[in-house]
Amino acid sequence: MKQITNRSARLHDSIVEWFAAAERDLPWRSDVAPWAVMVSEFMLQQTPVARVLPVYARWMQRWPTPADLAQEPAGEAVRSWGRLGYPRRALRLHAAARIIVERFDGEVPATLEELRSLPGVGEYTAAAIASFAFEHRHVVLDTNVRRVIARAEEGVEFPTPSVTAAERTQAQRMLASAEDGPRWSAAVMELGAIVCKARAPLCDRCPIRADCRWRLEGYLPYEGPARRGQSYAGTDRQCRGALLQALRDSAAPVSRHVLDAIWDKPVQRARALDGLVADGLIDEIEGDRFALAGTHKTR
């Protein structure tokens, strides 16, 4: 038991010490206001930091509080989302802002239960907001943290597709040993993001390489279920993105024949337009035209 305790202490001390020197200067770390943290967590879902930074800066300048966003049409949130991808996140963030104004007097709530009641806030996002904005001690399990735990503690290249009870117990044990829970969570997350990467991990730069079970056992390759690919070209998602971008770029509604010229596959284009309308991202308005949700009078 003492050996495990000593090993856990070494892992903790090494990662926290490394983080003190390696931590990136990110705006949502210097401004830990709950709304700033919440916006960053929405934007960072499945999106690299480098792409998020300029969009985040413009967003926070325009909408520094939930009330500022809530008074705008949902389509304006979609427009400002730009090319971050997965634009339904913008709709959910807008809907969450309105609920925060209506139910919580314009202040982002602090408890997991209240946070989970907001659109787009799942288990991870609620734990991240509560930890980083309110300094609560919660297990924060994003893909980066899960990968560090899988390699360092389990000796496998990648974690399972879904969080397991054993993984959560291990993360809770690591958190319990940390003096500063939120700082520890941020440190492990950072390690997974810039050193213990999914592809080409920088093991020679890793502060816990001497204790990493994956390294010590010879870097055994992943043998679990097939991991999802990231194909994009020619997909419905690319088609939706191209059509949505045309509406973002236009202050006026866009006619169907203009959209026809953007994507030359009629069946896929029609399916994408129907999907964008059904998802509430755009409105179909009089004259066979389309606009971002809520920005123009619908038919």
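1. A disulfide here is a pair of cysteine sulfur atoms within 2.5 Å. By that rule the count is zero. Take Cys212: it is in no disulfide, and the nearest cysteine sulfur, on Cys206, sits 6.3 Å away.

2. Before going on, some ground rules: this is a predicted model, where local features need pLDDT of at least 70, side-chain atom pairs count only at pLDDT 80 or more, and totals for chains, interfaces and linings use all residues. Residues are numbered from 1 along each chain as its sequence is written, and side-chain values use heavy atoms, leaving out hydrogens and water.

3. On burial (buried is under 20% relative accessible area, exposed over 50%, partly exposed in between, with a 1.4 Å probe and protein chains only), Cys212 counts as buried because its relative accessibility is 10%. Cys239 is buried too, at 0%. Across the protein, buried residues make up 45% of the 299 residues.

4. For the overall fold, I get 16 helices and three strands, taken as DSSP runs numbered from the N terminus (helices H or I, at least four residues; strands E, at least two). The C-alpha trace spans about 75 × 45 × 30 Å along its principal axes.

5. Have a look at the hairpin. Strands β2 (residues 282-285) and β3 (residues 289-292) run antiparallel and are joined by four bridges; pairing takes at least two DSSP bridges. Glu284 stands opposite Phe290 in β3. Three residues lie between the strands, and Gly287 takes a positive phi near 90 degrees in this hairpin.

6. Last, contacts (heavy atoms within 4.5 Å): of those with a separation of 6 or more, 61% come from residues 24 or more positions apart.
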